[in-house]
Amino acid sequence: MSVETTKQVSDEHPMEHLLRMDRIPHIWCSTCGLGTTVRALAEALEQLEIDHDKVAVVSGIGCTGRVAGYLKLDSFHTTHGRAVPFAMGLHIARPDMKVIVFSGDGDLVSIGGNHFIHTARRNIDITVICVNNFIYAMTGGQVAPTTPIRARSKTTPYGNYETPFNIPLLAASSGAVYVARWTALHVRRMAMSFAEAISKRGFSLVEVIAPCSTLYARLNKLGTGLSLMKFYHDNSEIRHGADLNDIAIDYQSKIVVGKFLDVEKPTYLDALNHHNAGIFGDKYKPYGGGNGSD
Amino acid sequence: MAFWRTPLDIDKLKIPKGELHIIKERCKGCGFCVEYCPKGVLQLSDEFNSKGYHPPEVVKPEECVNCDLCEVLCPDFAIYCVRIEEEEEEVDN
Amino acid sequence: MKADPQNVLTGAHYLDGNYAIAEGAIAAGCKFFAGYPITPSTEIAERVSRRFPLIGGIFVQMEDELASMAAILGASWGGKKSMSCTSGPGFSLMMENFGLGIMLETPCVLVNVQRGGPSTGLPTLPGQADMMQARWGSHGDYEVIALAPDSPQEGFELTIHAFNLSEKYRMPVLLMTDECVGHMTEKVIIPPPEEIELIERRYTDKKPGEAWPYQENELISPMLPVGEGYKFHITGLTHDYRGYPVINAEAQAENVDRLMAKVKENVDDLTWLEEKDVEDAEVVVVSYGISSRVVQPAIAKAREEGIKVGQIKMVTVWPFPEKRIRELAGKVKALIMVEMNYGQVYLEMDRCAAGRCETYICGHAGGTVHDPGSVYSTIKDAVK
Ligand code: SF4
Ligand code: SF4
Ligand code: SF4
C-alpha cells in the first residue's frame, strides 16, 4: 500500500538531535498543536546556530508543561506557575546560558501571573513561550484566564463571562522588550519569532495560539485541531506593531498576530551592574555569573 | 495572480523536488500535512498504524517541491522531506 | 575545602542572630539569595543585600515567597549556593517548592525565624510552633533535616553546617530559629577562613551521554552541571534514575524510598545532641533552640535541691534522635519536652519513649520564652 518513496521507522527525522527520542511518541493528543510548537522551537534553535549545550528550557505544569521533557536540552519540569522564577534563578546563576520558559496560559498568567509580570518588570533576560489554548487542558477542560467570553469549559458549562487576559498587552505593560503572537499554523513566522526572542536581551514573550482538540475544540463543538487550524488560516490577520489594546481575542473572532513590540531596555543584570559600578566604582566587579566555582 | 509578473528567467529556474519519509508508527493522523501541502502530494491512507491512526501516503510524488511545510507542521515528528539532488534526478530520469 | 577569605569577616563581633545567620551563609559561600520581607526574619535579607555587591553575590527581592523558593532552586541548579529566609506565613508559601527541592534533590538552605501563629499571629514575638510544619509541611512522604540554633553564635555556625549538609545529602536543609534568637545581640566569634570547613558540591565525573541526574543504585548521586552538554531532564513528577517521569506504584516506591533513605540511613551522622548530667539523671529535660537556654536556671535550681535532672539540647531536631531517646526512656523516670508550642516535637519524644517512662510537655502558645518557673514546676511534677 505504501508508495515507493516512503520509508519506515529506521529513518531519522531532521530534528531528532534536539528531541529526547527515548520519550517519543509524546503524550499529546492527535491534532493537538503543541508538537508543532515544539518543532518550531527546534527550528529556531537550528537557525540560531548557538551552542545547544548552553540552552535550558523550563516548564511548569499542564499539557504544555510537558514540553521540557521532550527537548534534548538541560530541561526542568517544575511546579505549577513557578517555571518563571525557577528560570530567573537559573538565568542569574548562569547568565551565559539562554533560558527559555515554555509553558501554558494557565501556568504562566493564572497561577504564575504574579511571577510573569514581575519578571517582565525586572526585564530578566529570559524568553517566555506561552502556548495559549484557551483552557486548562491537563485537568480536563476548565475555564482559564484566557478563555474567551461565551466559550464553554467544564466549569463554565453555560459559557464564560469573565474577561480574559490579553497576554501580549499584559507582557508589554509589565515591561517586556519583545512581544509577538502567532498561531500554531504560522510555523515559519513562529520559528523566526522564537529565534528573535531568544537572541533578544531582556524579557521576551511569544504567545502561540494553539489548538486543544480534545477539550477546547470538543467542548465548544468546533471540530478537531485541524478545524481550528483552518479557522486560524481564515481568521488571523498579520499586523506587526499593532496597538496592543486592539488585539484582545473574542470567541471565534479574528486573531491579530505579528510582532508587536521590539524595544531596547537595560536588562536586570545590566541595570544592577551599571548601578553598582556607579556606587562602588573600581571596587565593584561586574556580575557575570560563571559556573558557580567563583 | 495577475499582480505578479512572470520572472524573466523562468526558463532557468529549477523547481526543487523532494522525497518524503513518513514514520508511520509515530503518526497520529491529524491531517495537518495533508491539508496544508500546497501541492496536494499527500492523502490519509486507509492503512492503520498500531495506535489505530491513518498515516498519510504519498499520492503525487512527482509534485512534491520540498517546501517542508508538512514536516514543520507535523506535531508528531512523523514526516519529513529530503531534497532530491539534481544528479540523482538525472540518473533517475 | 576551606572558606574563601573574601567572604569571612574574621574577628569578634556584636551581632544579632539574624545578622549572624547572614554572615554564616556568606562564609559558607552562598552567592544567591532570593527572599521576600517578613518580620522577624528580614534583617537576614538586609544584611545579605548590603554585603553581596562586593563579593559577587546576587540578592533579589522577589514578588513573594513562592517565587523566592523557586528561584533558589533554579540558582542552585545553575551552580550557586543559594538560600532564602522567612517566617511562618512565608514558610507556608514556600512549602510548595520546598517539596520540589526535595524531589529534585536540590541543595539549598531555608531559614525560618519563627514567630507566633497561626496565620499572621505574632509577627514580632517568638514561637517554635512551625516545627511540625518543618517536618511535614509539604505534601507527600519525605524526610527533612532541620537544625535549631540557640544563640547568634550558633546561628553563624549552624548556617554553615546547614549548607554543608545540603551539599552532602543533596537536599534543602532547614534552619529553624525564632524571633528571640533572631533579635538577640551577643558576641559572635567568626573564625579565620582556614578554620571553616566547607563541603562543596559533588558533580559527576562521567561524560555527557553516560550520566543521569540520579545514578542507578546510588543513594546520593553527584549532580550534573547545567550548560556542559549533559542535556539532562529533571521533574517534580515521580521519576526514574534518568529523571524521566514514570507514573506507577513501583516507580513511586523506588523514588520515595530513596529520598527517605538518604536521611534515614544517615541518622547517626545527622544527629547532634548536647547532653549535660544525663548519666545519673532520673529526669531529663529535652529542648532545642532558645528554649534550651531558658530551661537552664530551672534545671540548676532543681539540682541544687538534689533532684537529678539532666539536659539534652537537640541541635538537629529533624531527623529526630530516636535511638538516644529510646535508650534514655528505659533508664529515666521521666522525659520533659520544653518548647514554645503545645507539644509538637513532644509527640515524637512521646512516641519514642513508648510508655517506658513518663513524658511531659512544658509548652505554651508562644509570644514569649518560657518562664523558668514553669519548667521548674514541670520537673517537680515529674519527680513527685
Ligand atoms: S488535552 Fe488539549 S492541550 Fe492537552 S494534549 Fe490534548 S489536545 Fe493538547
Ligand atoms: S514538502 Fe511540501 S510539497 Fe512536498 S509533500 Fe511536504 S508540503 Fe507537500
Ligand atoms: S502531520 Fe504528522 S501526525 Fe499529522 S497526519 Fe501528517 S504525518 Fe501524521
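A salt bridge here is a side-chain nitrogen of Lys or Arg within 4 Å of a carboxyl oxygen of Asp or Glu. By this rule the count over all chains of this predicted model comes to 43 salt bridges. Because the model is predicted, local features need pLDDT of at least 70 and side-chain atom pairs count only at pLDDT 80 or more, while totals for chains, interfaces and linings use all residues. Residues are numbered from 1 along each chain as its sequence is written, chains are lettered from A and ligands numbered from 1 in the order in which they are written, and side-chain values use heavy atoms, with hydrogens and water left out.

Glu197(C) pairs with Lys2(C), the closest N and O atoms being 2.4 Å apart. This pair links distant parts of the chain, 195 residues apart: Glu197(C) is in the loop between strand E9 (185–190) and E10 of chain C, and Lys2(C) is in the segment before strand E1 (11–16) of chain C. Helices (H or I, at least four residues) and strands (E, at least two) are DSSP runs, numbered from the N terminus.

Now to the interfaces with chain A. Contact means heavy atoms within 4.5 Å. Buried area is the accessible area (1.4 Å probe) that two parts lose on being put together, summed over both. A polar contact is a pair of N or O atoms within 3.5 Å; within protein, one must be able to donate a hydrogen and the other to accept it, and residues adjacent in sequence count only if both atoms are side-chain atoms.

| Interface | Residues in contact | Buried area | Salt bridges | Residue pairs in polar contact (both at pLDDT 80 or more) |
|---|---|---|---|---|
| Chain C and chain A | 44 residues of chain C, 45 residues of chain A | about 3,600 Å² | 3 salt bridges | 22 residue pairs |
| Chain B and chain A | 35 residues of chain B, 38 residues of chain A | about 3,100 Å² | 3 salt bridges | 12 residue pairs |

Between chain C and chain A, carbon and sulfur atoms give 58% of the buried area. In chain C, Leu54(C), Glu63(C) and Lys231(C) lose the most area to chain A, together 19% of what that side buries. Lys231(C) also forms a salt bridge with Asp53(A), with the closest N and O atoms 3.4 Å apart. Helix H3 (65–77) is among the elements of chain C that each supply at least two residues to this side, and H3(C) gives the largest share, 8 residues. Strand E2 (residues 74–77) of chain A and E10(C) run parallel and are joined by 3 bridges, and two strands pair if DSSP finds at least two bridges between them. Phe76(A) stands opposite Ile234(C) in E10(C).

Between chain B and chain A, carbon and sulfur atoms give 62% of the buried area. In chain B, Tyr36(B), Val72(B) and Phe77(B) lose the most area to chain A, together 22% of what that side buries. Arg39(A) forms a salt bridge with Glu71(B), the closest N and O atoms being 2.5 Å apart.

Finally, the ligands. A residue is near a ligand if one of its heavy atoms lies within 4 Å of it. Ala, Val, Leu, Ile, Met, Phe, Trp, Tyr, Cys and Pro count as nonpolar, Asp, Glu, Lys and Arg as charged, and the others, Gly among them, as polar. The residues around ligand 1 include Cys29(A), Cys32(A), Cys63(A) and Cys212(A), and its shell has 7 nonpolar, 3 polar and no charged residues. Around ligand 2 are residues including Cys37(B), Cys64(B), Cys67(B), Asp68(B), Cys70(B) and Cys81(B); that shell has 9 nonpolar, 1 polar and 1 charged residues.
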